[in-house]
Amino acid sequence: MERWNGRVALVTGASAGIGAGLCRALVQHGMVVIGCARSVEKIRAIAEEDAVKAAPGKLVAIKCDISQETEILSLFSEIRQKFGRLDVCINNAGLSHDSPLLTGNTSEWKNMLDVNIMGLCICTQEAVKLMQEKGIDDGQIIHLSSIGGHRLGGMGMFGIHFYCGTKFMVRALTEGLRRELKALNSKIRIASVSPGIVETEFFDRYEKENPSKKAPDMFNSMQALQAKDIADSVLYILSAPQHVEVHDIIVRPYDQPT
Ligand SMILES: NC(=O)c1ccc[n+]([C@@H]2O[C@H](COP(=O)([O-])OP(=O)(O)OC[C@H]3O[C@@H](n4cnc5c(N)ncnc54)[C@H](OP(=O)(O)O)[C@@H]3O)[C@@H](O)[C@H]2O)c1
């Protein structure tokens, strides 16, 4: 990880769960981490944690609603102005509404498309543009996909089918970007990580209309992954030597049956 010391990483969806875990891990390796989300105060609170303050890197919070193209463009113009470069872009912001294909509402589907797909693609395009502008040819893009991008989610969660569709698309986008970068002879690498169940706020958001069905029920029935387990996969991707391009890592809890 030495080569990333002092270099700049963007983590979207940094206010909670996996994104927060990524920020905590990357600052320990000396990276200047720009964490963005809507709840910017939560990222500022992470930056104030003792372990983060004592780390060789630093965490800077920027407010951004990833479902809004104009906000993403201002985020990148702030990154250009204040940091002058970007070396790593981790497209982590993502969510699922409980919105089945037969009964779900279209505004929830659009929101999932805007965050999980459009936001990810716009951030990627802007990140690669900035890397190219600054001559950073060993940059890394990482998409947070899901085991739900490889097979439909089990456990009777019909409301998660549209979300799985977005994550299947992330798989196609990962390979598409790889081919476009190769066509440019670029050494910028693209990887995705596809977690199984991780103990975060994800399921509370999914069950927001049905708070009696609490996520902890699920976490009591198995030992779920923790954000740190996903951060470890990301560190593995970043540590790979230049001739190795990690394409997709599926990480499941040992106890996850499907
Ligand atoms: N947890 C799991 O079991 C699991 C499994 C497989 C894949 N994943 C994927 O992992 C990624 C992170 O999920 P998580 O489990 O860490 O969920 P989480 O705890 O709910 O965190 C989601 C993050 O995304 C951000 N976000 C949501 N909508 C946003 C928007 N419009 N603009 C900016 N940020 C937005 C949230 O920030 P604000 O609300 O502050 O904006 C938050 O920081 C997602 O892509 C998810 O699909 C999770």
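I250 is partly exposed, because 15 other C-beta atoms lie within 10 Å. On the scale used here, a residue is buried if 20 or more other C-beta atoms lie within 10 Å of its own, exposed if 12 or fewer, and partly exposed in between, with C-beta atoms placed from the backbone. The model is predicted: local features need pLDDT of at least 70, side-chain atom pairs count only at pLDDT 80 or more, and totals for chains, interfaces and linings use all residues. Residues are numbered from 1 along each chain as its sequence is written.

**Overall build**

- The protein has nine helices and seven strands. Its radius of gyration is 17 Å, close to the 18 Å that the globule rule gives for 258 residues, so the protein is as compact as a globular protein of that length.
- That radius is taken over C-alpha atoms, and the globule rule is 2.2 Å times the number of residues to the power 0.38.
- Helices (H or I, at least four residues) and strands (E, at least two) are DSSP runs, numbered from the N terminus.
- The C-alpha trace spans about 50 × 45 × 35 Å along its principal axes.
- Of the 258 residues, 43% are buried.
- Take the contacts between residues at least 6 apart in sequence: 74% of them join residues at least 24 apart. A contact means two C-beta atoms, placed from the backbone, within 7 Å.

**The nonpolar core**

- The largest nonpolar core holds 67 residues. Helix α5 gives the most to this core, with nine residues.
- Such a core is a set of buried Ala, Val, Leu, Ile, Met, Phe, Trp, Tyr and Cys residues joined through C-beta atoms within 7 Å.
- L10, C23 and V33 have the most contacts inside the core.
- Beyond its neighbours within four places in sequence, C23 is in contact with V11, A14, V33, G35, I46 and L59.
- In soluble globular proteins, nonpolar side chains tend to be buried together.

**Around the ligand**

- The shell around the ligand has 28 residues, and G13, G17, R38, S39 and G94 come nearest.
- Helix α1 supplies the largest share, three residues.
- By class, the shell has 14 nonpolar, 10 polar and four charged residues.
- Here Ala, Val, Leu, Ile, Met, Phe, Trp, Tyr, Cys and Pro count as nonpolar, Asp, Glu, Lys and Arg as charged, and the others, Gly among them, as polar.

**Helix α6 and the residue after it**

- Helix α6 covers residues 161-183, and its 23 residues should span 33 Å at 1.5 Å a residue; its end C-alpha atoms are 33 Å apart, which agrees. The expected span is 1.5 Å times one less than the number of residues.
- F162, Y163, T166, K167, V170, T174 and L177 are buried in α6.
- An α-helix has 3.6 residues a turn, so residues three or four places apart point the same way.
- The cover over the buried residues of α6 includes α5 (106-133), β5 (140-144), β6 (189-195) and β7 (248-251).
- N185 follows α6 and sits in the loop between α6 and β6.
- N185 counts as exposed because it has 7 C-beta neighbours inside 10 Å.
- Phi of N185 is near 60°, a positive value in a residue other than glycine. Most residues other than glycine have a negative phi.

- I250 lies in strand β7. Leaving aside neighbours within four places in sequence, I250 is in contact with I147, H150 and S194.
- I250 and S67 are 183 residues apart in sequence and 26 Å apart in space, C-alpha to C-alpha.
- G104 is in the loop between β4 (88-91) and α5. G104 is partly exposed, because 17 other C-beta atoms lie within 10 Å.
- Not counting residues up to four places away in sequence, G104 touches S99, W109, G159 and F162.
- T258 lies in the segment after β7. T258 counts as exposed because it has 11 C-beta neighbours inside 10 Å.
- T258 and I147 are 111 residues apart in sequence and 9.4 Å apart in space, C-alpha to C-alpha.
- E209 is in the loop between α7 and α8 (216-221). E209 counts as exposed because it has 10 C-beta neighbours inside 10 Å.

Definitions and conventions:
A residue is near a molecule or strand if its C-beta atom, placed from the backbone, lies within 6 Å of it.
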